[in-house]
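Please look over the model shown here before reading the notes. They are arranged by topic.

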Amino acid sequence: MALTGVLRPGHVQMRVLDLEESVKFYRDVVGLVETGRDKQGRVYFKTWDERDHNSFIIRQAATAGLDFYAFKVADKATLDKFDADLRAYGLKTERIAAGDLLETGERVRFQIPTGHLIELYAEKTDVGNGLSYLNPEAWTGLAEKGIAPIRMDHILLYGPDIDGARKIFEDVLGFYLVEHVVLEDDKTDLAIWLSCSTKAHDLAFVRHPEPGKVHHVAFQLESWERVLRAADIMAMNKVNIDIGPTRHGITRGTTIYAFDPSGNRFETYCGGYASYPDWQPIKWTMDEVGRGIFYHNRKLNDTFLTVVT
Amino acid sequence: MSNYLITIEDSGESYRQRGERNLLEGMAALGRKGIPSGCCGGGCGVCKVEIVSGSYRKRAMSRAHVSAEDEAQHRVLACRIWPTSDLTLKVLGKMGKNLCRERGGEASRS
């Protein structure tokens with residue numbers, strides 16, 4: 001079997017300042033499907049096309065930002081193996097009981113040197129996407145409701161020791177480097193894009209003095225046309241757009257960045273190439289980083305680079 | 001809705017905006033400058049201001065950037081404040097420095 005170990009990004013839990021305002025935003029504007037609420041008051045969503053019960057979870061808190069980001073692994077034996085490997089590597093891990101998150105099995109949680117909490121899990125209930133597993137149609141009505149992304153795709157995290165984080169993902173969890181931006185000293189990475197699959201990125205980091213910050217959670221769309229449609233929907237709903245629609249040089253994705261009602265940035269994203277573990281990483285230098293990040297106007301943008309939650 | 005006169009003490013800039021727009025939207029919609037603009041959702045803290053005079057409506061803003069004491073002292077985020085009278089404010093927040101220089105500096109220190 002080809003894809004073993006870590007399969008894909010699975011769920012992310014974000015803090016919001018006003019729960020019902022955010023539920024309305026993610027349901028009606030982003031077009032996620034609400035799949036449940038738990039006793040702690042957390043609200044669970046998935047995209048219309050995702051089959052597992054949830055991929056995006058929000059809770060009300062006094063601060064915005066990220067609680068944790070999780071990857072689904074192949075099976076329970078793989079989960080146990082990664083837990084042991086992470087401990088052998090010198091990290092503390094914590095087991096969180098099945099059912100703590102709705103319809104989700106046991107989770108292994110650990111903190112990486114950028115200050116973020118990362119989780120692994122093997123089981124989440126398949127609730128389906130509304131299409132049959134036998135001779136299905138191509139899409140459902142939910143595919144047209146709001147921005148209606150296909151999947152929760154990746155996250156960009158900001159924190160200090162991105163080299164330490166990279167080592168864990170590469171050496172223990174089997175990720176590989178796809179692209180990186182290198183500072184003027186030609187040694188230090190400013191930013192790294194990592195993949196556990198054939199996607200151009202499943203996870204990215206930018207070096208940043210404060211730990212545990214999140215730059216954005218990305219949702220994948222089907223086409224550039226859908227990215228433009230997303231921009232229209234954002235305009236109609238007075239969503240604060242950070243930048244776009246535009247294209248990245250890095251990963252080649254077409255994109256819009258915008259903020260949710262609590263100031264958490266999200267991306268609606270399409271494209272990017274397919275990479276494989278034998279991929280030779282692409283390197284960007286600081287004098288071309290403007291083009292790397294925003295391919296069309298080739299300039300850095302202060303808000304995009306410095307505003308995080 | 002009423003129009004209110006907003007004065008930014010730092011620059012002496014003043015403009016009139018509608019009460020249904022928050023302070024940051026009001027400024028940006030007129031193409032005015034003075035208050036740094038970030039996430040516009042109360043999460044990032046970039047647009048922190050001190051309301052020197054005037055009244056306003058407010059909504060939840062991140063405790064990471066506005067403490068209870070701040071809030072009591074009218075040190076708030078411009079994106080979560082809706083004027084209910086003429087207002088005078090001072091700018092407290094700022095945009096992070098240029099990324100290349102900041103990160104380059106950090107890297108050379110490590």
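The notes below cover the overall build of chain A and one sheet in chain B. The model is predicted. Chain A has six helices and 17 strands, and in chain B five strands make up an open sheet.

**Chain A: secondary structure and dimensions**
- The count for chain A is six helices and 17 strands.
- With a radius of gyration of 18 Å, against 19 Å from the globule rule for 309 residues, chain A is as compact as a globular protein of that length.
- Along the principal axes, the C-alpha atoms of chain A fill a box of roughly 50 × 50 × 45 Å.

**Chain A: burial, contacts and surface**
- Of the 309 residues in chain A, 60% are buried, where buried means under 20% relative accessible area.
- Among contacts in chain A with a separation of 6 or more, 67% join residues 24 or more positions apart.
- Chain A has an accessible surface of about 12400 Å², and carbon and sulfur atoms account for 50% of this area.

**Chain B: the open sheet**
- The strand order in the sheet of chain B is 2-1-7-3-5, with mixed pairing.
- Strand 2 (13-18) and strand 5 (75-77) of chain B each have a single partner strand, so one side of each lacks a neighbour in the sheet.
- From one strand to the next, the twist averages 40°.

**Chain B: strands 1 and 7**
- Strand 1 (residues 3-8) and strand 7 (residues 87-91) of chain B are paired in the parallel sense through three bridges.
- B:T7 lies opposite B:T88, which is in strand 7 of chain B.

Conventions
Residues numbered from 1 in each chain as written. Chains lettered and ligands numbered in written order. Predicted model: local features only at pLDDT ≥ 70, side-chain atom pairs only at ≥ 80, totals over all residues. Heavy atoms only, no water. Pairing = 2+ DSSP bridges. Helix = DSSP H or I, 4+ residues; strand = E, 2+ residues; numbered from the N terminus. Axes fitted to C-alpha atoms, helices over the stretch in contact; angles between N-to-C directions. Rg over C-alpha atoms; globule rule 2.2 N^0.38 Å. Buried < 20%, exposed > 50% of the residue type's maximum accessible area, 1.4 Å probe, protein only. Contact = heavy atoms within 4.5 Å. Areas by Shrake-Rupley, 256 points an atom, 1.4 Å probe, with all protein chains shown as cover.
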